[in-house]
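Here is a short briefing for a reader new to this structure. Look at the model first, then read the notes by topic.

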Amino acid sequence: MTWLRHPFRSITIPVYVVILTSLLLLTGCAKPTEMPTTTPVPSATLRPIASITPRPTQTQLPSMTPTLLPTATETPPPAWVTIMLTPETGDTSGTPDPNEQSEGTVDATSSRTRFPTSTPPPPSAILTIQKPGPYSKVVSPIELRVIVHPGDDKLVYLDLIGEDGRVINSQNYNFSASTNYWIYTVQKIPFEIQSFAESARLVLYTRDQYNRIIYQVSVDLILLQFGDDSINIPVVVDEPYIIRKPWEGGTVRGGVMEVDGLARLVNDQPLIIELIDEEGNLVGSAEVEIAQPSALQPYVPFIAEVPYSVSQWTRVRFVARQESATRIPGTVWLTSVLIYLEP
């Protein structure tokens, strides 16, 4: 142990006492720090933080650079488009009733005056093939553009017949959704042939409720296995056979029917007149040789007598038609009206 001696007195003090005394003096001189009184805080109830809606960003103004419009493309035509409404009169056959006509009268609903004429302008054909025309060269599929009037079943039938008489394609088109008289339609007719080229006939026709043909048109074509189309314009657009007597709904008696009409034959074959009853029986027929039309006389008048045989009052279909003049057989054009026969 180390001892210290006091300078004034001879007192000996241990060293650890001096150090302890110094520490006590220093501690006593420091100002005591007051500890804050801690007040117990009650536990707070947690609440959801309110969602903060972000400020909307500033809308960018559209660029002033002009926008290029898309290039216009051709819109394909619809399957069928009506181009003419049903006539307001009840008779849609296109043949006037002579009992209801009066010459030189004025139609109150029209600004035109009706004058009697010996040769009225020909009506349009009931079925008209606008494209393709005769002997057009076509590849598959054929683009067919026609104006039609559906039959009693609201159908229009199509046959594509090859040069050997076989049916290459056969279709029917339902127009029951249309209530109009004239219908313009565009159809695609596919076909397949084995040779490079082949002659063919495209036939359109309609039927009545007894499965008799009401109207029929056709056009001869040249089918190509490949290549480009070469389309000709149509030749026949007006009705080629205008029957002035007998008229639609008329009655014939005596066993012989007199026919008075005008014709613009579609080929050099004779005009065939037939009377077909509702069972499909042929009750009368005749062939009429008519001269070919000319520029001065586009429609040639003719008169014919057709013998018939019925045992009672019978409703028949009067048919005027022509057969093919090429190696493809069959009827090329046909028109008809309904008449009544008595013995």
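Which residues line the largest cavity? They are Leu-144, Val-146, Val-148, Val-156, Tyr-173, Phe-175, Thr-185, Gln-187 and Leu-204. This is a predicted model, in which local features need pLDDT of at least 70, side-chain atom pairs count only at pLDDT 80 or more, and totals for chains, interfaces and linings use all residues. Residues are numbered from 1 along each chain as its sequence is written, and side-chain values use heavy atoms, with hydrogens and water left out.

**Confidence**
- The protein chain has a mean pLDDT of 77, and 65% of its residues reach 70 or more. pLDDT is the predictor's confidence in each residue, from 0 to 100.
- Over residues 29–117 the pLDDT is below 50. Beyond near neighbours in sequence, this stretch has 49 contacts in the model (heavy atoms within 4.5 Å).
- Residues 6–11 also stay under 50 in pLDDT.

**The cavity**
- The structure holds one cavity of 30 Å³ or more. On a 1 Å grid over the protein atoms alone, a cavity is a set of points where a 1.4 Å probe fits but cannot get out, and lining residues have an atom within 4 Å of a point.
- The largest cavity contains about 40 Å³ of space. A volume is the space filled by probe spheres set on the points, which are joined across faces, edges and corners.
- Strand 6 (142–148) and strand 9 (182–189) each supply at least two residues of its lining. Strand 6 gives the most, with three residues. Strands (E, at least two residues) are DSSP runs, numbered from the N terminus.
- The lining has seven nonpolar, two polar and no charged residues. Ala, Val, Leu, Ile, Met, Phe, Trp, Tyr, Cys and Pro count as nonpolar, Asp, Glu, Lys and Arg as charged, and the others, Gly among them, as polar.

**The second largest pocket**
- A pocket is an open set with protein on both sides within 12 Å along at least five of seven lines. The second largest pocket has a volume of about 600 Å³.
- Its lining counts 29 residues. Pro-134, Ser-218, Val-235, Val-236 and Val-266 lie nearest its centre.
- Strand 11 supplies the largest share of this lining, four residues.

- Three strands form an open sheet in the order 12-14-17, with antiparallel pairing (at least two DSSP bridges between two strands).
- The edge strands are strand 12 (241–245) and strand 17 (300–307).
- Eight bridges join strand 14 (residues 256–263) to strand 17. Ala-263 stands opposite Val-300 in strand 17.
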